[in-house]
Amino acid sequence: MAVDTFFRCDVAGAEALAALRGADLPLGLKAGPVTHGFHRDIYLDTPDDALAGRGMACRLRIGVDDRRVLNLLIGSGGQDEPPQRFEAVVDALEPRAALLGDSEPARRLREIGRASCRERV
């Protein structure tokens, strides 16, 4: 079974990018065929970055085919256990509508918000 893996980093310019692209993979890793995809990621958080502060990330990915996927990552703060990932294809056109929908990531995010509100009382 193929697993989609994404890696993101900043590269200090075109020369460094060209060097990385031409170099062998480390640790004896082998690459499969290169594929290209186009999408737009919208990262969602509160104005005070409450999700990021709790080691969470919420993303709405819009594909070139207009497919929209809401993703909630819990535990991305470098803990020992792997983060939990919840994602679902959503029909909503706007990020707010996706968050108010009935997908698993939206429901979990609302539950986290309710628990957070109870913690502050």
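Which residues form a nonpolar patch on the surface? Val11, Leu17 and Leu20 do so, with about 250 Å² of accessible area together. Patches are built from residues with over 30% relative accessible area and no salt bridge, like charges being joined within 9 Å and nonpolar side chains (Val, Leu, Ile, Met, Phe, Trp, Tyr) within 5 Å. Accessible areas come from the Shrake-Rupley method with a 1.4 Å probe, and for residues only the protein chains shown count as cover. Leu20 is placed in helix 1 (residues 14–22) and counts as exposed at 55% relative accessibility. Here buried means under 20% relative accessible area, exposed over 50%, and partly exposed in between (1.4 Å probe, protein chains only).

The structure is a predicted model, in which local features need pLDDT of at least 70 and side-chain atom pairs count only at pLDDT 80 or more, while totals for chains, interfaces and linings use all residues. Residues are numbered from 1 along each chain as its sequence is written, and side-chain values use heavy atoms, with hydrogens and water left out.

**Overall organisation**

The chain has four helices and four strands, which follow the pattern α-β-α-β-β-β-α-α along the sequence. Helices (H or I, at least four residues) and strands (E, at least two) are DSSP runs, numbered from the N terminus. Of the 121 residues of the chain, 26% count as buried. The chain exposes about 9800 Å², and carbon and sulfur atoms supply 55% of it. Among contacts between residues at least 6 apart in sequence, 25% join residues at least 24 apart; contact means heavy atoms within 4.5 Å.

Four strands form an open sheet in the order 1-2-3-4, with antiparallel pairing. Strand 1 (39–44) and strand 4 (84–90) stand at the edges, each with a single partner strand, so one side of each has no neighbour in the sheet. Neighbouring strands of this sheet are turned by 20° against each other on average, direction ignored. Two strands are taken to pair if DSSP finds at least two bridges between them.

Strand 1 and strand 2 pair in the antiparallel sense over six bridges, and Tyr43 has Arg59 in strand 2 as its bridge partner. Strand 2 (residues 56–63) pairs with strand 3 (residues 68–74), also in the antiparallel sense, over seven bridges. Across this second pairing, Cys58 stands opposite Leu72 and Leu60 opposite Leu70. Seven of the eight residues of strand 2 are buried, so this strand is largely enclosed by the rest of the structure.

**Loops and backbone**

Strand 2 and strand 3 form a hairpin with four residues between them, and Asp66 in the turn has a positive phi of about 70°. Most residues other than glycine have a negative phi. Leu27 also has a positive phi, of about 60°, although it is not a glycine. Leu27 lies in the loop between helix 1 and strand 1 and is exposed, with a relative accessible area of 84%.

Ser103 is found in the loop between helix 3 (95–100) and helix 4 (104–120). At 10% relative accessibility, Ser103 counts as buried. Leaving aside its neighbours within four places in sequence, Ser103 is in contact with Leu70, Ala88, Val90 and Ala98.

**Salt bridges**

A salt bridge is a side-chain nitrogen of Lys or Arg within 4 Å of a carboxyl oxygen of Asp or Glu. By this rule the count comes to four, including the pairs below.

| Pair | N to O distance |
|---|---|
| Asp41 and Arg61 | 2.7 Å |
| Arg68 and Asp66 | 3.1 Å |
| Arg108 and Glu104 | 3.0 Å |

The salt bridge between Asp41 and Arg61 links strand 1, which holds Asp41, to strand 2, which holds Arg61, and so ties together parts that are 20 residues apart in sequence. Asp41 is partly exposed, with a relative accessible area of 26%, whereas Arg61 counts as buried at 16% relative accessibility.

In the pair of Arg68 and Asp66, Arg68 counts as buried at 9% relative accessibility, while Asp66 is partly exposed, with a relative accessible area of 46%.

Arg108 and Glu104 are four residues apart in helix 4 and are therefore separated by about one helical turn. Arg108 is partly exposed, with a relative accessible area of 34%, and Glu104 is partly exposed at 31%. Elsewhere, salt bridges that share partners join Asp41, Arg59 and Arg61 into one network.

Methods:
Axes fitted to C-alpha atoms, helices over the stretch in contact; angles between N-to-C directions.
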